[in-house]
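Here is a short report for a reader new to this structure. Take a look at the sequence and the model before reading on.

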Amino acid sequence: MTSVAVDQTEFRSVLGHFCTGVTVVTGRDGDTLAGFACQSFAALSLDPPLVLFCPARTSRTWPVLAAAGRFAVNVLAEDQQEVSAVFGARGEDKFARFGWTPAPSGAPLLDGALTWIDCALEAVHEAGDHYVVIGRVTALGAPSDARPLLFHRGRYAVTEPVRDAFAAMLPWPRPDDWL
(Lines give C-alpha, C1' and ligand atoms only; values in the text may rest on other atoms or scores of the structure.)
Protein backbone atom coordinates (compact mmCIF):
# COMPACT_ATOMS: atom_id res chain seq x y z
CA MET A 1 0.00 0.00 0.00
CA THR A 2 1.33 3.42 -0.94
CA SER A 3 1.17 6.14 1.66
CA VAL A 4 -0.05 9.56 0.57
CA ALA A 5 0.96 12.73 2.38
CA VAL A 6 -2.02 14.42 3.99
CA ASP A 7 -1.90 18.15 4.64
CA GLN A 8 -2.40 18.78 8.38
CA THR A 9 -4.52 21.88 7.82
CA GLU A 10 -6.84 20.03 5.44
CA PHE A 11 -6.95 17.04 7.80
CA ARG A 12 -8.00 19.30 10.69
CA SER A 13 -10.62 21.05 8.51
CA VAL A 14 -12.18 17.81 7.28
CA LEU A 15 -12.29 16.22 10.73
CA GLY A 16 -13.72 19.46 12.15
CA HIS A 17 -16.96 18.51 10.40
CA PHE A 18 -17.33 15.62 12.81
CA CYS A 19 -19.22 16.89 15.85
CA THR A 20 -17.75 15.89 19.20
CA GLY A 21 -18.84 16.22 22.79
CA VAL A 22 -16.68 18.28 25.14
CA THR A 23 -15.31 16.72 28.30
CA VAL A 24 -12.80 17.59 30.98
CA VAL A 25 -10.66 14.68 32.11
CA THR A 26 -9.49 15.13 35.71
CA GLY A 27 -7.34 13.31 38.20
CA ARG A 28 -5.66 13.65 41.54
CA ASP A 29 -2.23 12.37 42.50
CA GLY A 30 -1.87 13.10 46.22
CA ASP A 31 -2.44 16.85 46.61
CA THR A 32 -1.88 17.56 42.92
CA LEU A 33 -5.04 18.17 40.88
CA ALA A 34 -4.90 17.95 37.10
CA GLY A 35 -7.41 18.30 34.29
CA PHE A 36 -7.69 19.15 30.63
CA ALA A 37 -10.44 19.78 28.08
CA CYS A 38 -10.79 16.75 25.84
CA GLN A 39 -12.84 16.14 22.70
CA SER A 40 -11.22 12.80 21.91
CA PHE A 41 -13.35 10.77 24.32
CA ALA A 42 -15.46 7.73 23.42
CA ALA A 43 -17.18 4.67 24.82
CA LEU A 44 -15.18 1.56 23.92
CA SER A 45 -16.80 -1.54 25.43
CA LEU A 46 -19.88 -2.57 27.38
CA ASP A 47 -18.41 -5.82 28.72
CA PRO A 48 -16.21 -4.91 30.45
CA PRO A 49 -17.23 -1.24 30.64
CA LEU A 50 -14.37 0.68 29.01
CA VAL A 51 -13.90 4.22 27.71
CA LEU A 52 -11.01 5.91 25.96
CA PHE A 53 -9.50 9.35 25.56
CA CYS A 54 -6.45 10.62 23.70
CA PRO A 55 -4.06 13.11 25.35
CA ALA A 56 -1.22 14.65 23.36
CA ARG A 57 2.20 13.17 24.06
CA THR A 58 3.31 16.71 24.97
CA SER A 59 0.55 17.11 27.58
CA ARG A 60 1.73 18.32 30.97
CA THR A 61 -1.50 17.03 32.53
CA TRP A 62 -1.27 13.44 31.30
CA PRO A 63 1.74 12.46 33.50
CA VAL A 64 -0.23 13.45 36.63
CA LEU A 65 -3.24 11.40 35.50
CA ALA A 66 -0.99 8.45 34.63
CA ALA A 67 0.70 8.58 38.04
CA ALA A 68 -2.68 8.68 39.78
CA GLY A 69 -3.83 5.56 37.92
CA ARG A 70 -7.41 6.81 38.07
CA PHE A 71 -9.32 9.59 36.34
CA ALA A 72 -12.79 11.04 35.91
CA VAL A 73 -14.41 12.24 32.71
CA ASN A 74 -16.70 15.25 33.21
CA VAL A 75 -19.19 15.58 30.34
CA LEU A 76 -19.81 19.30 29.95
CA ALA A 77 -23.24 20.88 29.69
CA GLU A 78 -24.12 23.60 27.19
CA ASP A 79 -23.54 26.42 29.70
CA GLN A 80 -19.97 25.31 30.48
CA GLN A 81 -18.07 26.94 27.62
CA GLU A 82 -15.94 28.86 30.14
CA VAL A 83 -15.01 25.61 31.89
CA SER A 84 -13.89 24.16 28.55
CA ALA A 85 -11.87 27.29 27.71
CA VAL A 86 -10.11 27.38 31.10
CA PHE A 87 -9.27 23.66 31.08
CA GLY A 88 -8.19 23.94 27.44
CA ALA A 89 -5.56 26.59 28.24
CA ARG A 90 -2.21 26.31 29.97
CA GLY A 91 -1.41 28.01 33.23
CA GLU A 92 -3.38 29.12 36.28
CA ASP A 93 -4.97 26.95 38.96
CA LYS A 94 -7.96 25.76 36.93
CA PHE A 95 -9.73 24.19 39.90
CA ALA A 96 -9.74 27.47 41.85
CA ARG A 97 -12.21 28.93 39.33
CA PHE A 98 -14.85 26.20 39.52
CA GLY A 99 -16.50 24.19 42.26
CA TRP A 100 -15.89 20.47 42.42
CA THR A 101 -16.34 17.43 44.61
CA PRO A 102 -14.28 14.22 44.69
CA ALA A 103 -15.38 11.17 42.72
CA PRO A 104 -15.13 7.79 44.44
CA SER A 105 -11.57 7.64 43.04
CA GLY A 106 -10.75 11.10 44.41
CA ALA A 107 -10.63 12.68 40.94
CA PRO A 108 -12.39 16.06 40.74
CA LEU A 109 -16.01 16.10 39.54
CA LEU A 110 -16.82 19.56 38.21
CA ASP A 111 -20.00 21.25 39.44
CA GLY A 112 -22.64 21.60 36.72
CA ALA A 113 -21.33 18.80 34.49
CA LEU A 114 -23.96 16.91 32.51
CA THR A 115 -22.69 13.65 34.01
CA TRP A 116 -19.40 11.95 34.92
CA ILE A 117 -17.56 8.67 34.50
CA ASP A 118 -15.00 7.51 37.10
CA CYS A 119 -12.29 5.16 35.83
CA ALA A 120 -9.25 3.11 36.68
CA LEU A 121 -6.41 3.23 34.17
CA GLU A 122 -6.53 0.01 32.14
CA ALA A 123 -4.03 0.48 29.28
CA VAL A 124 -2.06 3.12 27.38
CA HIS A 125 -1.02 2.85 23.74
CA GLU A 126 1.24 5.16 21.76
CA ALA A 127 -0.47 6.44 18.61
CA GLY A 128 1.28 9.09 16.54
CA ASP A 129 1.59 12.31 18.52
CA HIS A 130 -0.98 11.14 21.09
CA TYR A 131 -1.64 8.31 23.51
CA VAL A 132 -4.78 6.21 23.48
CA VAL A 133 -5.74 5.82 27.12
CA ILE A 134 -8.24 3.12 28.06
CA GLY A 135 -10.08 3.31 31.36
CA ARG A 136 -12.20 0.71 33.12
CA VAL A 137 -15.39 2.37 34.36
CA THR A 138 -15.78 2.03 38.12
CA ALA A 139 -18.61 4.49 38.85
CA LEU A 140 -21.11 6.63 36.95
CA GLY A 141 -22.85 9.90 37.72
CA ALA A 142 -26.56 10.46 37.24
CA PRO A 143 -27.12 12.41 34.01
CA SER A 144 -28.88 15.76 34.13
CA ASP A 145 -31.56 16.90 31.68
CA ALA A 146 -29.33 19.70 30.37
CA ARG A 147 -28.09 19.69 26.79
CA PRO A 148 -24.46 18.73 26.09
CA LEU A 149 -21.75 21.12 24.99
CA LEU A 150 -20.52 20.14 21.53
CA PHE A 151 -17.68 21.23 19.27
CA HIS A 152 -18.20 21.46 15.51
CA ARG A 153 -16.20 23.23 12.80
CA GLY A 154 -14.03 25.06 15.29
CA ARG A 155 -16.89 26.42 17.42
CA TYR A 156 -19.07 25.41 20.31
CA ALA A 157 -22.52 24.08 19.43
CA VAL A 158 -25.52 22.55 21.19
CA THR A 159 -28.09 19.99 20.18
CA GLU A 160 -31.48 20.78 18.78
CA PRO A 161 -34.21 18.16 18.53
CA VAL A 162 -34.71 16.85 15.00
CA ARG A 163 -38.28 16.40 13.84
CA ASP A 164 -38.79 12.68 13.40
CA ALA A 165 -41.08 12.59 10.34
CA PHE A 166 -40.94 8.80 10.13
CA ALA A 167 -42.20 8.33 13.70
CA ALA A 168 -45.16 10.61 13.01
CA MET A 169 -46.32 8.19 10.27
CA LEU A 170 -46.27 5.10 12.52
CA PRO A 171 -49.73 3.94 13.68
CA TRP A 172 -48.24 2.34 16.82
CA PRO A 173 -46.01 3.59 19.61
CA ARG A 174 -42.25 3.24 19.41
CA PRO A 175 -40.82 0.05 20.94
CA ASP A 176 -39.30 2.02 23.81
CA ASP A 177 -42.81 3.34 24.58
CA TRP A 178 -44.20 -0.17 25.11
CA LEU A 179 -44.92 -1.26 28.65
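How many salt bridges does a search of the whole structure find? The search finds 4. The model is a predicted one.

## Salt bridges

Start with Arg-57 and Glu-126. Their side chains meet in a salt bridge, at 3.2 Å from N to O. The two residues are 69 apart in the chain. Arg-57 sits in the loop between strand S5 (50-53) and helix H2 (62-68), while Glu-126 belongs to strand S9 (residues 115-127). Arg-57 is partly exposed, because its relative accessibility is 37%. Glu-126 counts as exposed, because its relative accessible area is 57%.

Glu-78 and Arg-147 form another of these bridges, at 2.9 Å, N to O. This pair also links distant parts of the chain, 69 residues apart. Glu-78 lies in the loop between strand S6 (70-75) and H3. Arg-147 lies in the loop between S10 and S11. Glu-78 is partly exposed at 28%, and Arg-147 is partly exposed at 27%.

A further bridge joins the side chains of Arg-97 and Glu-82, at 2.3 Å from N to O. Here 15 residues separate the partners. Arg-97 is in the loop between H3 and strand S7 (100-102), and Glu-82 is in helix H3 itself. Arg-97 is partly exposed at 42% relative accessibility. Glu-82 is partly exposed too, at 46%.

## The largest pocket

The largest pocket has a volume of about 1800 Å³. Its lining counts 50 residues. Nearest its centre lie Arg-12, Gln-39, Ser-40, Cys-54 and His-130.

Several elements supply at least two lining residues each: H1, strand S3 (32-38), helix H3 (81-87), strand S10 (130-140) and S11. S3 gives the most, with 7 residues. By type, the lining divides into 23 nonpolar, 18 polar and 9 charged residues.

## Helix H1

Is helix H1 (residues 8-15) well covered or hardly covered? Hardly covered: of its 8 residues, the number buried is 0. At the start of H1, Asp-7 makes a contact with Thr-9. A side-chain oxygen of Asp-7 reaches to within 3.2 Å of the backbone nitrogen of Thr-9.

## An open sheet

Three strands form an open sheet in the order S1-S11-S12, with antiparallel pairing. Strands S1 (20-21) and S12 (155-158) are the edge strands, and each pairs on one side only.

Strand S11 (residues 149-152) and S12 are joined by 4 bridges. In one of the pairings, Phe-151 has Tyr-156 of S12 as its bridge partner.

Notes
Residues numbered from 1 in each chain as written. Predicted model: local features only at pLDDT ≥ 70, side-chain atom pairs only at ≥ 80, totals over all residues. Heavy atoms only, no water. Buried < 20%, exposed > 50% of the residue type's maximum accessible area, 1.4 Å probe, protein only. Polar contact = N/O pair within 3.5 Å; in protein donor to acceptor, adjacent residues only side chain to side chain. Pairing = 2+ DSSP bridges. 1 Å grid on protein atoms, 1.4 Å probe; cavity = no way out; pocket = protein on both sides within 12 Å on 5 of 7 lines; lining within 4 Å. Points joined across faces, edges and corners; volume = space filled by probe spheres on them. Nonpolar A, V, L, I, M, F, W, Y, C, P; charged D, E, K, R; others polar.
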